[in-house]
Structure formats: structure tokens, C-alpha cells
Amino acid sequence: PDAAVMVDGPSCVITKADYIAGNHDLHSTLLSCDGRHRVMCTVTSTMPQPPNPEDKLSALLESAAGSGLYGVVLLTGLPFMRLIGMDYEGIASRVRSGAPVAVVPPLSLEGDWLDGYAKALDALVSALPVRRVRKRRRSAVIAGYLFDRNERDHSANISGLKRLLAAAGVDLLAVLPGGKEFKSWERAREAELVISMPYGRQAAARLAAMTGARLVETGLPVGIGGTSAWLASVRAAAGLKGPLPPVLAELERATRRELAPAQAALAHHNIVFAGDPYLYSALRGFALELCMRVPAAFIGSLSRPLSAPGPAAKLVMFAPEVAEAAEALAALGRYDRPRLGVGNSLAITGGLTGGVPAVELGFPSYAHHCLDDEPFMGYAGARSLAGRLLNALQSAGNDGL
């Protein structure tokens with residue numbers, strides 16, 4: 001919440017902030033009514049360039065870093081600024097006072113939004129002070145969480161994972177990012193273990209190398225079995241032997257009992273997924289637990305290796321055109337035809353879920369907001385997500401069941 005980004009280029013980045021502020025995130029502080037925005041730009045155009053464009057950028061960075069408003073400032077540029085040879089690393093290094101400045105490489109023509117998120121996290125970790133501190137026994141930090149808004153889906157995820165890890169014998173010191181000020185990230189240096197989530201592998205690896213902590217790469221703790229497997233892998237990496245403690249084993253059994261009525265109604269219905277690849281992998285595992293299938297997936301990213309339990313989906317497409325996706329979905333046989341959709345708001349409104357009742361999940365989410373706890377990770381998240389799937393299916397009418 002105290003980070004700012006300076007984008008070298010025209011003002012189009014300011015309008016991009018509107019996609020988040022008040023639309024995806026009801027509690028966003030990216031934009032401010034007094035003009036002290038956390039998204040800034042140099043308003044530099046392609047042509048003509050001033051004789052020394054670095055001077056203007058340096059002055060703006062010095063002003064932002066020294067304002068006392070921000071705990072850290074990220075610097076990046078639009079692709080054409082990279083083409084003219086702007087030395088962002090050198091410019092950032094010349095800022096001597098105030099908040100640290102970290103550079104996100106301007107590679108938007110070569111990557112996608114997941115690459116940008118991962119590089120931003122890596123830049124933030126690189127801005128942490130490099131000094132080792134005493135480790136706290138059996139402590140951990142999660143690095144690479146997708147904290148895309150300040151609503152109570154994510155805060156409930158984080159508080160729930162902290163409680164589960166405590167019951168597993170591991171003290172969670174921080175989540176990067178997790179809605180806390182940049183100064184609090186320094187607690188990550190005290191952790192014995194870095195839990196790497198897939199949205200920030202490079203940042204997690206950098207943090208482990210900087211602090212001397214052990215590194216464990218995990219998926220997302222979604223669903224009952226997915227949560228138990230995640231906890232078991234973290235315990236093993238923390239040097240804790242044996243099965244999950246009885247309190248967690250009982251919580252797993254209780255969650256299965258609570259989901260049994262929903263499972264009976266959801267069983268044998270198919271899901272079409274439209275969203276990010278990591279959420280897809282996690283959701284497929286949970287769908288299998290509910291005796292459901294995900295035969296079709298439209299992944300909103302560049303092509304990436306997919307790791308998901310069970311047999312491969314019949315239809316997987318990366319960033320397809322809507323018409324192309326609709327044609328492929330219609331070509332599925334009756335056995336594979338979806339009855340439910342799960343996806344982000346752009347995918348749903350754009351037609352990638354084929355018009356079936358849909359659960360809005362992932363980034364961005366314009367039509368579903370969380371003013372009360374609504375996790376989708378951990379055992380509590382399994383109950384919440386199963387309930388949303390059931391309600392969406394019932395919204396199709398009794399014939400949907």
C-alpha cells in the first residue's frame with residue numbers, strides 16, 4: 001500500500017489504473033482525490049525527444065522518492081523508451097535519498113501480465129536491505145502470492161493460511177505481497193523457509209539467496225486435498241516429520257463432511273475454466289474431489305507448461321480469440337460439454353465460458369466483490385468455493401441439477 005510506480009511514457013498508464021481502482025478493487029488506493037497518485041508517468045511521447053530525457057526522469061524520481069509519501073518506488077518504461085536506450089538501472093542508482101527505487105524491466109512486448117507481476121515482485125525483493133538477521137525457528141514467508149486487491153477474499157486467504165501453518169507447526173511471518181507496507185517485508189529476512197508460490201518464483205528464489213533461507217516451490221492450496229498436500233510439503237521443507245497434526249487431520253475430515261451434500265449435487269457436471277494457468281491447475285484438483293471435470297480451459301496468458309492432476313483436458317487454448325474459443329467449445333461432444341464456468345470477469349463477459357452459469361474468480365473481478373471473508377484457499381476456501389459453484393449451478397434452474 002505504500003509502493004508507487006513511475007512509468008516512463010505517455011499518460012495511458014493512468015487510465016489503466018482505472019481498471020483496478022474502484023472497479024476490480026473497492027479499497028484501492030492507487031489513485032487519490034488530492035492528486036497524490038501511486039501510479040505516475042513522465043508524459044514522454046515518442047517524438048521528438050528532448051536532448052537529455054534522463055534529466056526529467058531523474059528529477060521526477062528524486063521528487064517521488066524524497067516526498068515521504070512512499071516506502072518504495074518502482075520504475076519502468078513503455079517499450080519504445082527501451083528501444084531508444086534509456087538506462088533505467090543507472091537512473092535509479094543515482095537516487096540517493098528517500099525511498100528505495102527498483103527497476104522493472106520494460107519487456108511488455110515480450111511477456112504477459114504474469115511476467116510483469118513476477119518481475120515487479122522480483123524488483124521489490126531486490127530493494128530490500130541486504131543483511132542477514134537471526135532466523136526464527138520454524139518460521140516461513142510466502143513469496144509470490146497473487147495479491148491483486150485489498151478485499152476480503154485475499155485477506156481471508158492469508159489469515160486462514162497463517163492459522164493452518166501455525167497448526168502445522170510453522171510460524172508465517174509475512175506474505176509478499178500481502179497488503180502490508182514495504183517496511184514490513186524486512187521481516188522476511190528472519191524466516192528459515194521461503195514458500196514460493198507460482199506468481200513469483202524469481203522473487204522467492206532471490207529472497208532465499210539473499211537471506212540464506214531454504215526454498216520450497218509449491219502450487220496453490222486450493223481444495224481439501226490440495227490444502228493438505230500443500231501443508232505437508234511445507235512441513236517437510238521445515239524439517240517436521242510425520243503426518244499432519246491431529247487438529248489438521250480432523251479439520252480435513254470435517255470439511256469433507258460439510259462438502260458432502262454439495263458434492264452430491266455437483267458430481268458429474270463439467271466446468272469450463274477461463275483464467276490464469278496456476279489457478280487452473282489448482283481448480284482442476286478441487287474439481288476432481290467434487291467428482292467434477294474440467295474438459296475445457298482457456299488460459300489468459302502466453303503459452304506455459306501446465307501441471308494439473310488427472311487426465312489432460314480435451315481442450316486447452318492459450319489467449320484464444322473469442323470466436324475461435326466458441327467454435328472449439330461448441331465442437332466438444334455431449335459428454336464433455338460444460339454446465340458451469342469459472343473465470344475472471346473479462347473472460348466471462350467476453351464469451352469465453354460459452355454462456356453457462358459462471359463463478360467469477362481470479363483477476364480481474366468486476367462483478368464479484370468481497371465485503372466479508374470469502375476465501376478460496378485452505379479448507380475454509382474449499383467450503384466457500386464449493387458453495388459458489390453450487391449456487392451458480394442452481395441458478396440455471398432445477399434442470400441443472
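Visitor: Where is the place of Pro 177?

Guide: Pro 177 sits in the loop between β6 (171-176) and β7 (191-196), where helices (H or I, at least four residues) and strands (E, at least two) are DSSP runs numbered from the N terminus. This is a predicted model, in which local features need pLDDT of at least 70 and side-chain atom pairs count only at pLDDT 80 or more, while totals for chains, interfaces and linings use all residues. Residues are numbered from 1 along each chain as its sequence is written, and side-chain values use heavy atoms, with hydrogens and water left out.

Visitor: And the peptide bond from Leu 176 to Pro 177, cis or trans?

Guide: That bond, from Leu 176 to Pro 177, is cis, with omega near -10°. The bond from Phe 363 to Pro 364 is also cis, with omega near -5°, and Pro 364 is found in the loop between β13 (358-360) and α13.

Visitor: Switching to the core, which residues touch the most other members of the largest nonpolar core?

Guide: The largest nonpolar core has 88 residues, and those touching the most other members are Ile 142, Ile 195, Leu 207, Trp 230, Leu 231, Leu 266 and Phe 273. Such a core is a set of buried Ala, Val, Leu, Ile, Met, Phe, Trp, Tyr and Cys residues joined through side-chain atoms within 4.5 Å; buried means under 20% relative accessible area, exposed over 50% and partly exposed in between, with a 1.4 Å probe and protein chains only.

Visitor: Which helix gives the largest share of this core?

Guide: Helix α13 (residues 378-394) does, with eight residues.

Visitor: What does Leu 207 touch, leaving out residues up to four places away in sequence?

Guide: Its contacts (heavy atoms within 4.5 Å) include Val 125, Leu 128, Val 141 and Leu 176.

Visitor: Which non-glycine residues have a positive phi?

Guide: Arg 138 is one of them, with a phi of about 50°, and its place is in strand β5 (residues 136-143). His 268 has a positive phi of about 75° and lies in the loop between α9 (246-266) and β9 (270-275).

Visitor: Is His 268 buried or exposed?

Guide: His 268 counts as exposed because its relative accessibility is 71%, whereas Arg 138, at 30%, counts as partly exposed.
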